[in-house]
Amino acid sequence: MIKEVIVVEGKDDTVAIKRAVEADTIETNGSAIGKEVLARIKLANERRGIIIFTDPDHAGERIRKIVAGVAPGCKHAFLPQEKASYKGDIGIENASPEAIRQALAELRTETATIRGEIALEDLMQAGLLVHPNAAERRLELGKLLGIGYANGKQFYKRCTSFNITREEFYAAVDQLGYRLEENE
């Protein structure tokens with residue numbers, strides 16, 4: 001049984017989660033999250049903690065941001081799009097139980113105490129910003145770091161809010177071979 005309450009988007013996500021693990025869920029019912037649902041999420045976070053596990057798409061990221069805003073110190077589970085896709089539909093409900101368990105095993109905790117070890121220059125050096133393949137690089141590095149895909153600004157914020165260390169960041173960058181030459 002997972003101690004924290006898992007916040008998902010809908011009923012089908014709850015079914016998929018319960019196929020994979022024993023856990024309680026709160027459904028946001030889409031991105032128009034009502035005040036009552038946000039109040040339940042806030043209470044759950046205070047009492048048991050929450051894990052935000054939304055779809056790896058634009059709407060899921062919007063929901064993740066809203067929920068994280070009312071739940072300081074919450075945990076995040078990320079699932080790559082290719083593990084959540086079925087016939088062009090992207091969602092947690094399409095993920096295998098194994099993929100869900102793996103995502104829940106690689107949680108990241110958001111913290112208000114930001115160490116700020118990663119600088120924008122580090123992202124530039126890795127070709128994660130203003131590079132022809134920046135989006136693809138952020139996707140792959142996000143998978144490796146367990147922080148999911150994000151645009152450049154959001155990727156930087158995740159690196160700092162999840163306290164990704166320089167050592168951890170550059171180990172992943174080196175593993176993918178993403179260091180740029182100074183004059184490139």
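The crossing of α6 and α8 is right-handed. (A crossing is right-handed if the near helix is turned clockwise from the far one by less than a right angle, and left-handed if anticlockwise.) This is a predicted model, where local features need pLDDT of at least 70, side-chain atom pairs count only at pLDDT 80 or more, and totals for chains, interfaces and linings use all residues. Residues are numbered from 1 along each chain as its sequence is written, and side-chain values use heavy atoms, with hydrogens and water left out. Helices (H or I, at least four residues) and strands (E, at least two) are DSSP runs, numbered from the N terminus.

**Helix α6 against helix α8**

- Helix α6 covers residues 134-145 and packs against α8 at an angle of about 125°, with the axes 10 Å apart. (Axes are lines fitted to C-alpha atoms, for helices over the stretch in contact, and angles run from 0 to 180 degrees between N-to-C directions.)
- α6 and α8 are therefore oblique to each other. (Under 35 degrees counts as roughly parallel, over 145 as roughly antiparallel, 65 to 115 as roughly perpendicular, and the rest as oblique.)
- From α6, the contact uses Glu140, Leu141, Leu144 and Leu145. From α8, it uses Glu168, Phe169, Ala172, Val173, Gln175 and Leu176. (Contact means heavy atoms within 4.5 Å.)
- The residues of this contact divide into seven nonpolar, one polar and two charged. (Ala, Val, Leu, Ile, Met, Phe, Trp, Tyr, Cys and Pro count as nonpolar, Asp, Glu, Lys and Arg as charged, and the others, Gly among them, as polar.)

**Helix α2 against helix α3**

- Helix α2 (residues 35-47) and helix α3 (residues 58-70) pack at about 55°, and their axes are 9 Å apart.
- This pair of helices, α2 and α3, is therefore oblique.
- The crossing of α2 and α3 is right-handed.
- Leu38, Ile41 and Lys42 of α2 meet Ile66, Val67 and Val70 of α3.
- The residues of the α2 and α3 contact comprise five nonpolar, no polar and one charged.

**Aromatic pairs**

- The count comes to two aromatic pairs. (Rings of Phe, Tyr and Trp, its six-membered ring, pair if their centres lie within 6.5 Å; planes under 30 degrees apart count as stacked, over 60 as edge-to-face and the rest as tilted.)
- Phe78 and Phe162 form an edge-to-face pair, 6.0 Å centre to centre, with 75° between the planes.
- Phe78 lies in the loop between β4 (75-76) and β5 (85-86), and Phe162 in the loop between α7 (152-161) and α8 (166-176), so the pair ties together parts that are 84 residues apart in sequence.
- Phe78 is buried at 11% relative accessibility, and Phe162 is buried at 7%. (Buried means under 20% relative accessible area, exposed over 50%, partly exposed in between, with a 1.4 Å probe and protein chains only.)
- The ring centres of Phe169 and Tyr170 are 5.1 Å apart and their planes lie at 85°, so this pair is edge-to-face.
- Phe169 is buried at 0%, and Tyr170 is buried at 12%.

**Positive phi in the loops**

- Asn29 is not a glycine, yet its phi is positive, about 60°. Asn29 sits in the loop between β2 (25-27) and α2. Asn29 is exposed, at 55% relative accessibility.
- Lys87 also has a positive phi, near 50°, in a residue other than glycine. Lys87 sits in the loop between β5 and β6 (89-90). Lys87 is exposed, at 74%.

**Arg62 and Val173**

- Arg62 lies in helix α3 and is partly exposed, at 41%.
- Arg62 and Val173 are 111 residues apart in sequence and 27 Å apart in space, C-alpha to C-alpha.
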